[in-house]
Amino acid sequence: MSSQKRPALPANRYKSRTAAKQGACFICANFTCSLFVSDQGPVSDWFYVCSDHTTSPSFCSLLQDPPVDVPPPDTGTGTGTGKGVNASTATEDKSKSVPSEQVAKKYTLHRDVFYLRLRPFIQQFEKQQSSRLVQRLPGAPTHLPK
Ligand SMILES: [Zn+2]
């Protein structure tokens, strides 16, 4: 039997998204289309939150993107073997100036807020654990002791 020792929890790394439908904000219960989505952990989490809250340090803080491996701008010199480099530049110029896809901002939730997000996951885990335990216990006696 492979019973988990710890609950699977979402990572405290949320992206802001916009939903097609409105939902109640996790903080103030106002209706909003803004979502926070965490999809990096073993389980994913999401909830509605007004975009106003994202500027509040007591709710979350903006994550600075770690430096991505961006290749240095192609200066056209010193790359490759030099064979036939100039032959295709005329046709490929267009594709080189494609703007990079807009990256969603990432946030970490404040410890207290994140704890509230984790609680249902932990509670669900505990429920599973206890129901597993109950299955292992001997059944209750079906007859009264004499
Ligand atoms: Zn709100």
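**A turn and its strands**

Mentor: In the hairpin of β1 and β2, with six residues between the strands, A29 adopts a positive phi near 70°. Strands (E, at least two residues) and helices (H or I, at least four) are DSSP runs numbered from the N terminus. This is a predicted model, in which local features need pLDDT of at least 70 and side-chain atom pairs count only at pLDDT 80 or more, while totals for chains, interfaces and linings use all residues. Residues are numbered from 1 along each chain as its sequence is written.

Trainee: Where is A29 found, between which strands?

Mentor: A29 lies in the loop between β1 (14-24) and β2 (31-38), and its phi is positive although A29 is not a glycine.

Trainee: Why does A29 count as exposed?

Mentor: A29 counts as exposed because it has 11 C-beta neighbours inside 10 Å; the cut-offs are 12 or fewer other C-beta atoms within 10 Å for exposed, 20 or more for buried, and partly exposed in between, with C-beta atoms placed from the backbone.

Trainee: How many bridges join β1 to β2?

Mentor: Six bridges join these antiparallel strands, with R17 opposite L35 in β2; pairing requires that DSSP finds at least two bridges between two strands.

Trainee: And which residue stands opposite K15 in β5?

Mentor: That is K106, and β1 pairs with β5 (residues 106-109) in the antiparallel sense over two bridges.

Trainee: Changing topic, what pattern does the chain follow?

Mentor: Along the sequence the chain reads β-β-β-β-α-β-α, and of its 146 residues 10% count as buried.
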